[in-house]
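Let's take a walk through this structure together.

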Amino acid sequence: MTATADATGNGTVTVSAPTTTTESTVTGSVARSVTVVNPVLRVAPASLAAAAAYFGASLAFHADVSDVASALAAGGDPGFVVLDSRSTESWDQGHIPGAVHLPTALIAEQAEQLLDKSVPVVTYCWGPGCNGATRAALALAELGFQVKEMLGGFEYWAREGFEFETWEGRERRTADSLTAPVDAEDCGC
């Protein structure tokens with residue numbers, strides 16, 4: 001790591017991390033040099049400006065389960081509507097209380113009757129292994145809606161211990177300690 005100061009006297013830190021290391025091995029009487037590539041740094045980190053732009057943009061496109069739950073639990077108008085883009089069978093199995101049910105295949109024909117274009121929409125589907133919420137968000141954006149995707153989907157909503165509705169009524173599961181803090185209000189992130 002190198003430290004430098006700019007013309008105004010403000011210190012800046014430049015981190016230089018090698019992406020490869022060289023190891024010498026001796027086999028019999030022949031010395032060989034082998035380059036070992038670190039898989040994390042095989043592709044160098046983005047520039048500071050590119051990283052800030054990317055991560056800033058990511059937050060403009062995504063919300064996480066805990067933030068959505070917190071905003072909904074605060075009471076009143078959260079300033080957005082939650083949209084479940086899954087099938088009716090999936091909706092009946094469990095959905096976020098107060099969510100609008102609109103399967104992705106029906107967005108083009110029904111979104112403008114069910115949603116207000118002045119209110120941002122947060123889409124969700126099953127979970128991280130499903131891109132249904134992404135497809136729904138794209139369909140809504142193409143129709144002129146402001147939209148974010150809820151990372152983790154219904155899976156993480158249930159795994160983090162938030163209440164959900166089924167065709168039989170409301171349920172809540174014990175939070176999975178791998179997805180939600182134990183004995184704390186929030187994860188601190």
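A residue is called buried when its relative accessible area is under 20%, exposed when over 50% and partly exposed in between, using a 1.4 Å probe and protein chains only. Keep in mind that this is a predicted model, in which local features need pLDDT of at least 70, side-chain atom pairs count only at pLDDT 80 or more, and totals for chains, interfaces and linings use all residues. Residues are numbered from 1 along each chain as its sequence is written, and side-chain values use heavy atoms, leaving out hydrogens and water.

The chain contains six helices and eleven strands, taken as DSSP runs numbered from the N terminus (helices are H or I with at least four residues, strands E with at least two). Of its 189 residues, 28% are buried.

Start with helix 1, residues 48-61. The number of buried residues among its 14 is zero, so this helix lies largely in the open. From first C-alpha to last, helix 1 reaches 20 Å, close to the 20 Å expected (1.5 Å times one less than its number of residues).

Now look inside. A nonpolar core is a set of buried Ala, Val, Leu, Ile, Met, Phe, Trp, Tyr and Cys residues joined through side-chain atoms within 4.5 Å. The largest one has 16 residues, and V68, V82, I96, A99, Y124, M150 and W157 touch the most other members. Helix 2 (65-73), strand 8 (121-124) and helix 6 (153-159) each supply at least two of this core's residues. Apart from it lies another core of 13 residues, including V81, L83, L115 and F145.
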